[in-house]
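Please look over the sequence and the structure first.

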Amino acid sequence: MIKFILMTAVALLLYVTVFKADSMPRLPLDLYQASSGETRKGLNAGQCLSDQCVVIFVAPWCPTCHKLTPMMNELAAQLKAEGIDTQVVIGKDDMAEVKQYAGRFDFAVFTDPEGQSFKQVGLKGVPAFYAVNRSGDIKASIEGGYPEVARLRKALKI
């Protein structure tokens with residue numbers, strides 16, 4: 001039994017080390033335009049316009065993501081006042097569902113219906129929050145729900 005536990009722990013450590021990204025993927029994703037409901041091609045999600053940014057991964061089928069959308073908008077408003085960019089990547093679903101959910105955010109929304117960036121970052125679940133520097137290096141990450149902005153900011157060290 002102990003041998004099995006040790007082997008499982010080593011396998012998990014290898015998985016996290018090998019498959020968990022140290023930086024944001026540089027995939028060109030579509031930027032959703034809430035005013036027109038259209039998308040613009042060729043932008044890189046996770047590319048900070050300021051010294052640091054927060055990248056949030058969500059999916060339309062995720063009830064926790066829907067519940068936390070107002071908190072995410074509040075977080076983005078606070079960070080914007082401090083000169084910190086916030087982006088959300090919505091994916092892993094039908095494009096119509098992705099666009100419908102995208103309209104609920106007050107900040108940059110990238111659409112990734114195929115979930116390519118989710119795979120490259122090594123996500124196991126959503127919502128997922130990443131503090132990223134200008135170079136795209138991941139400084140801190142949290143997967144799961146944080147209902148309060150202050151607690152999330154403390155966990156991400158922003």
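## Aromatic pairs

The count of aromatic pairs comes to 4. The model behind this count is predicted. One of the pairs joins Phe-57 and Phe-118. Their rings sit edge-to-face, 5.1 Å centre to centre, with 75° between the planes. Phe-57 belongs to strand β3 and Phe-118 to helix α4 (residues 116–121), so this pair ties together parts 61 residues apart in sequence. Both Phe-57 and Phe-118 are buried.

Tyr-101 and Phe-105 form another edge-to-face pair. Here the centres are 5.1 Å apart and the planes make an angle of 70°. Tyr-101 has 1% relative accessibility, so it counts as buried. Phe-105 has 4% and therefore counts as buried too.

## A ring cluster

Which residues do ring pairs link into a cluster? They are Phe-57, Phe-118 and Tyr-130.

## Helix α5

Helix α5 spans residues 149–156. Its buried residues are Val-149, Leu-152, Arg-153 and Leu-156. Seen down the axis of α5, these buried residues fall within an arc of 100°, so they line one face of the helix. An α-helix has 3.6 residues a turn, so residues three or four places apart point the same way. Ala-150 and Lys-154 are exposed, on the other side of α5.

What do the buried residues of α5 pack against? Their partners are β3 (52–58), α2 (63–81), β6 (128–133) and β7 (138–143). After α5 comes Lys-157. The phi of Lys-157 is positive, near 60°.

Notes
Residues are numbered from 1 along each chain as its sequence is written. This is a predicted model: local features need pLDDT of at least 70, side-chain atom pairs count only at pLDDT 80 or more; totals for chains, interfaces and linings use all residues. Side-chain values use heavy atoms; hydrogens and water are left out. Buried means under 20% relative accessible area, exposed over 50%, partly exposed in between (1.4 Å probe, protein chains only). Helices (H or I, at least four residues) and strands (E, at least two) are DSSP runs, numbered from the N terminus. The arc is that of the directions from the helix axis to the C-beta atoms. Contact means heavy atoms within 4.5 Å. Rings of Phe, Tyr and Trp (its six-membered ring) pair if their centres lie within 6.5 Å; planes under 30 degrees apart count as stacked, over 60 as edge-to-face and the rest as tilted.
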